[in-house]
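Hi,

Here is the model I promised to pass on. Have a look at it first, and my notes follow below.

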Amino acid sequence: MIEKITEMLNEEKWTRATINSYTVANFEELDALLLDDSNRADWLKIKEICDEHLTHTKNSIISLYVSGIISLEKHLIDDSNLIQLINLFYDNRKWTLVEFLCQRLLKYGENAIALRSLAECYDSTGRDEEKFQIWERLVKVDYEEIDLLRLIAERYEELDENDKSVYFYKKALHRYINVKNFSQIKDIWQKLLHHLPEDYDNQKNIVMRVAKNINKDRASQMLEGMYEIYHGLGSWDKSIDILKEILVNQPSNAEARERLITCYRKKYTNHTKLEDYIDKTNLTQSYRDINAAIADFEKHISFDQGTFVFHKTWGIGRIQQILEDSLVIDFIKKRDHAMSLKMAVNALQILQKNHIWVIKSVFPKEKLKQKVKQDILWTLRTIIESYDNSANMKVIKSEVVPSILTPNEWLSWNTAARKLLKTDPYFGVNPDKPDEYAVRETPVTYEEKTLNLFKAEKEFLQKVKILREFLDNSDPESDYFTEIFSYFINIVKNFSSVTDTVITSYLLVKKLMKTYPFLNQTIETGFKELIEGIPSIDQTFANLPDAELKRSFLEETMKIRDDWDMVFKHLFPHYQSTFIIDELSASGKKDTQIQLFRDSFARYKELSETFLWLIKNYSREFWENEVGIKFEKLLLALLHLLDISNRAISSKRDVSVNRRIAKLISVILFTEKNLHTFFRESDRDSIQRVYSLVKDVDDLDPAILIELKHIIMERFPDFTFFGEDKSNKVTISGGLLVTQKSYDIKQKQLKTILEVEIPKNSQEIGTARDLGDLKENAEYKAGKEKQELLSITVGRLKDELDRAVIISSESVNNSQVSFGTKVTMKNLKTKKQEVYTILGPWESNPEKNIISYLAPFGSQLLNHAVGEVLEFIINEREYAFKILKIETVPV
């Protein structure tokens with residue numbers, strides 16, 4: 001192929017082939033040659049030849065095309081040669097070839113230059129329908145293209161396709177707001193008011209953006225158009241809200257003031273004190289600050305017989321009577337209380353009859369609890385509207401817990417509530433406070449709601465989270481998503497220095513463009529240049545917000561560094577994943593893989609969580625046969641680490657981290673029985689070495705120690721436990737001694753967990769997963785923690801039930817202290833008699849002096865007979881007893 005391309009380049013040069021001599025067939029012939037599988041290995045060499053040829057023949061059509069196609073096929077993100085080629089044919093009005101080359105380039109993803117050239121090609125050849133289709137694609141990828149949006153909207157308007165027309169008018173309007181082009185905003189605003197006269201919530205949001213991006217006077221002009229519509233509809237509440245907003249922006253607007261008073265008279269036409277309150281509050285007087293007068297008037301006018309109020313001392317009350325200058329209020333804590341009107345204005349908060357505080361004061365508690373649990377939608381609407389239609393989950397929880405639901409009931413309720421707030425079209429977000437929700441009169445799509453939330457969010461990592469949630473719940477081909485996507489594209493294209501935000505955006509954009517080719521954008525900067533600009537690869541990698549981006553970081557690293565395997569090993573503590581281990585193995589980097597394991601073992605105190613992850617996820621056989629580290633050494637490291645963690649917890653150092661480490665080690669050693677297995681299989685010397693460390697572990701459960709001693713004594717009856725009282729006798733039992741009653745209880749407990757609790761937990765996890773962003777999802781984390789706890793409990797119960805030996809009264813030997821006996825002893829220190837019943841850990845109840853035979857105290861009594869004197873020390877406390885009597889107890 002190399003020879004063929006070289007020959008074609010020479011022929012092109014010798015024959016001085018012109019633009020006019022090229023046809024589509026010539027390019028199709030080049031494609032057939034290039035894309036033949038047998039020629040792919042030569043691509044980079046061919047590209048090098050073509051690029052060199054272009055240095056002295058800059059308009060070589062063959063070189064431009066071949067180099068351009070290879071760049072795209074090799075994902076080199078360089079379309080400049082094809083763009084140059086398109087421009088050559090465009091300048092010469094060779095529309096057939098322009099169309100072919102544009103379509104060829106667009107097969108690799110959307111490209112604004114190619115789309116614009118193709119649209120002009122269709123325009124020049126009179127293909128209007130196809131031109132508009134290309135325009136619609138172009139405005140999705142070119143966010144600076146605004147006028148085309150308006151042209152598309154006008155075309156749909158001519159075709160009487162009003163839904164599409166409104167859609168494009170809205171997009172155009174938002175982009176005109178961004179560039180502060182108010183003349184265009186005003187024209188499109190009139191169009192939207194005509195097509196959607198009662199789209200109140202969206203109208204208010206648009207006006208708020210104009211006030212924020214341009215100025216409040218422009219926003220007031222738009223509000224005046226809204227007022228005309230709602231006044232004409234006789235919608236006095238909305239008319240009043242609009243006029244109040246105008247007066248906030250323009251307090252001296254006399255016409256708005258007059259209109260507001262007229263609307264008040266319409267709304268409160270039947271209120272007996274209407275005119276009196278208008279006069280009393282000086283609402284008509286121009287010298288009175290209008291916004292203060294409005295607040296004063298609305299407080300007065302709301303005082304009506306039957307109105308609910310709240311006082312910070314006396315709680316909820318209801319107005320019983322209105323006198324000339326006073327009110328009579330029936331408070332829960334103060335009945336028939338008279339209050340001057342002046343005091344009432346300052347001291348009372350007016351509550352609507354559907355306010356959550358009113359409902360809580362009048363509903364029976366159990367009835368309200370059932371309502372809240374069964375009707376989450378009603379509860380959310382009620383609470384949000386009670387807080388001036390803006391409330392976050394913290395506020396919602398404060399109204400529900402603990403006055404209505406318990407903290408445990410809140411967990412599942414909260415999961416369902418969050419899902420509703422995200423998906424129900426009648427819940428929106430506060431544009432100024434993205435964590436607060438509002439109830440809407442008109443529905444909003446999930447896509448639009450998410451875009452509003454994204455725009456309002458200030459934190460970068462939260463924006464990443466919102467993008468992820470959008471992809472989980474909606475269509476990425478939506479225009480709403482492309483607007484979200486543009487935020488990250490702009491960061492990648494317009495940064496001045498490389499930051500974690502730039503790296504995260506780059507990886508996110510690259511991944512999205514690979515997954516969704518229609519999002520394709522030209523990015524001049526490569527990953528290699530970005531990495532060279534960061535001060536610490538460790539810190540940047542650790543700061544990536546999720547596992548998917550960390551994996552993308554590693555995949556990009558593989559492409560640019562020959563020593564990528566060492567980078568993988570170095571970064572593994574920040575991304576404990578089988579991906580790194582498997583990739584090292586699959587790529588022939590076995591030595592690096594094994595060294596990763598050995599380093600984690602050698603530095604287990606420093607890299608404790610990495611070491612534990614590898615222990616948990618790779619078998620004993622792998623460690624011994626592949627890594628070359630014996631099981632005994634791993635156990636010694638784990639025991640040392642457990643001791644360090646327990647001591648740190650006792651000293652209150654990094655308690656949460658050390659508890660997590662101690663819990664995981666306990667699962668590996670004791671719940672999964674790895675230490676038990678070692679003691680059952682190993683020789684005496686190995687057991688001696690490991691046990692000497694077990695007994696020194698700080699704060700280890702004594703019952704575990706006794707159980708391990710039993711296992712050792714079964715194999716080596718003469719085993720010496722150095723540092724322990726040699727006179728102490730150890731019960732030898734291959735099983736766990738239990739009563740029939742406790743065995744039945746444990747069987748029932750296991751059945752309940754397997755058949756009720758685990759299915760319920762799985763359902764809760766599934767529901768929580770639907771909320772998205774598992775990293776920050778409290779409900780999902782709680783569900784997974786409960787799942788782990790249930791799994792551990794099931795494993796423990798099954799193991800104990802398998803080992804259980806049911807003891808009956810008939811089998812108890814009361815010639816010495818044993819399971820199923822009651823022992824009466826004289827305390828030689830206090831001179832008093834003490835009575836203890838010896839049973840197992842399942843039946844143990846120290847408050848009733850029922851002691852487990854596995855507990856430190858119980859194990860000291862075992863196998864001793866009447867008349868024997870016992871002296872022993874437990875936890876530095878000395879004990880001395882004489883056994884007086886041993887009896888069998890019913891079991």
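Let me start with Asn 658, which sits in helix α37 (residues 655-671); helices here are DSSP runs of H or I with at least four residues, strands are runs of E with at least two, and both are numbered from the N terminus. Asn 658 is buried at 11% relative accessible area (buried is under 20%, exposed over 50%, partly exposed in between, with a 1.4 Å probe and protein chains only). Beyond its neighbours within four places in sequence, Asn 658 touches Ser 645, Ala 648, Ile 649 and Arg 653 (contact means heavy atoms within 4.5 Å).

Some ground rules: this is a predicted model, with local features needing pLDDT of at least 70 and side-chain atom pairs 80 or more, while totals for chains, interfaces and linings use all residues. Residues are numbered from 1 along each chain as its sequence is written, and side-chain values use heavy atoms, leaving out hydrogens and water.

On to the rings: there are 49 aromatic pairs (Phe, Tyr and six-membered Trp rings with centres within 6.5 Å; planes under 30 degrees apart are stacked, over 60 edge-to-face, the rest tilted). Tyr 90 and Trp 95 are edge-to-face, at 5.4 Å centre to centre and 80° between the planes, and both are buried. Tyr 268 and Phe 297 are edge-to-face too, with centres 6.2 Å apart and planes at 70°. Tyr 268 is in the loop between α15 (254-267) and α16 (274-280) and Phe 297 is in helix α17 (residues 290-302), so this pair ties together parts 29 residues apart in sequence.

Cheers
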